[in-house]
Amino acid sequence: MRNASNKSKQRNPWKIAFISIISLLIIAVAGVFLAVSLSSSTNKSVNQKSSNTSEPISATINKTQLNQLSNYYLGRLQKGSAAQYHFEVGNEGIVYGSLKLLGSSVDYSLTFDPKVMPNGNIELHANKLALGKFPVPISFVLMYVKQNYKLPKWVQLIPKDKTIKLDIIHMNGDNGINYRARTIDMKGQGKFTFDILLPQTDKED
């Protein structure tokens, strides 16, 4: 019994590491949407005809702007935290950082390709997951997280396809700010266009 208990304790840090990486991916992507929302605040009065309408606010940024916004947002989010991670867009998206594992600091990275779905939601296809120098089976990690970790309702894991679907249209419910992706172009300087969907408010008589 002791041997079984010891083996379980040895495996737990790795399971926690897997969960942490996927969780950081979700947090990083959510942070990007918040950053896009904040970046468009100066245009709100121009694009929104009335405080009683729910017309979407459009925001278009390039790779450099997206990386600057995500770095700023994640920097504030992680202020004072021991765990530091980064989100960056190049030819593909990448979340990277380091984790404390069995008393040592271990680097990790997860690369993925984003895709706009016909309804404006986003699909992330994971390409490579690594802990230190060792590749990790993505499907296994996603399956474990799906079965053992409570994710937000707007996040769906599809392990066999190595895919994460983000229902950003319903991300914050009927009374919150949501998003609709228009364009995700990773080529060259990049082009990322989103609609920011404001909650409807009752018109005053």
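Trainee: How many of the 205 residues of the chain, as a percentage, count as buried?

Mentor: That's 41% of the 205 residues, where buried means under 20% relative accessible area, exposed over 50%, and partly exposed in between, with a 1.4 Å probe and protein chains only. Keep in mind that this is a predicted model: local features need pLDDT of at least 70, side-chain atom pairs count only at pLDDT 80 or more, and totals for chains, interfaces and linings use all residues. Residues are numbered from 1 along each chain as its sequence is written, and side-chain values use heavy atoms, with hydrogens and water left out.

Trainee: Okay, and how many helices and strands are in the chain?

Mentor: Four helices and 10 strands. Both are DSSP runs numbered from the N terminus: helices are H or I with at least four residues, strands are E with at least two.

Trainee: Which residues of helix 4 are buried?

Mentor: First the general idea: an α-helix has 3.6 residues a turn, so residues three or four places apart point the same way. In helix 4 (residues 138-148), the buried ones are Ile 138, Val 141, Leu 142, Tyr 144 and Val 145. They sit on the same side of helix 4 because they cover an arc of only 160° around the axis, taken from the directions from the helix axis to the C-beta atoms.

Trainee: Now sheets. What is the order of the strands in the open sheet of three?

Mentor: Strands pair if DSSP finds at least two bridges between them. Here the order is 1-10-9, with antiparallel pairing. Strand 1 (57-61) and strand 9 (178-185) are the edges, each pairing on one side only. Strand 9 and strand 10 (residues 191-197) share seven bridges, and Ala 181 stands opposite Phe 194 in strand 10.

Trainee: Last one: which residues lie nearest the centre of the second largest pocket?

Mentor: Rolling a probe the size of a water molecule over the atoms shows where empty space is left. A pocket is an open set of points on a 1 Å grid over the protein atoms alone where a 1.4 Å probe fits, with protein on both sides within 12 Å along at least five of seven lines; lining residues have an atom within 4 Å of a point. In this pocket, Asp 174, Asn 178, Leu 197, Leu 198 and Pro 199 lie nearest the centre, out of 11 lining residues.
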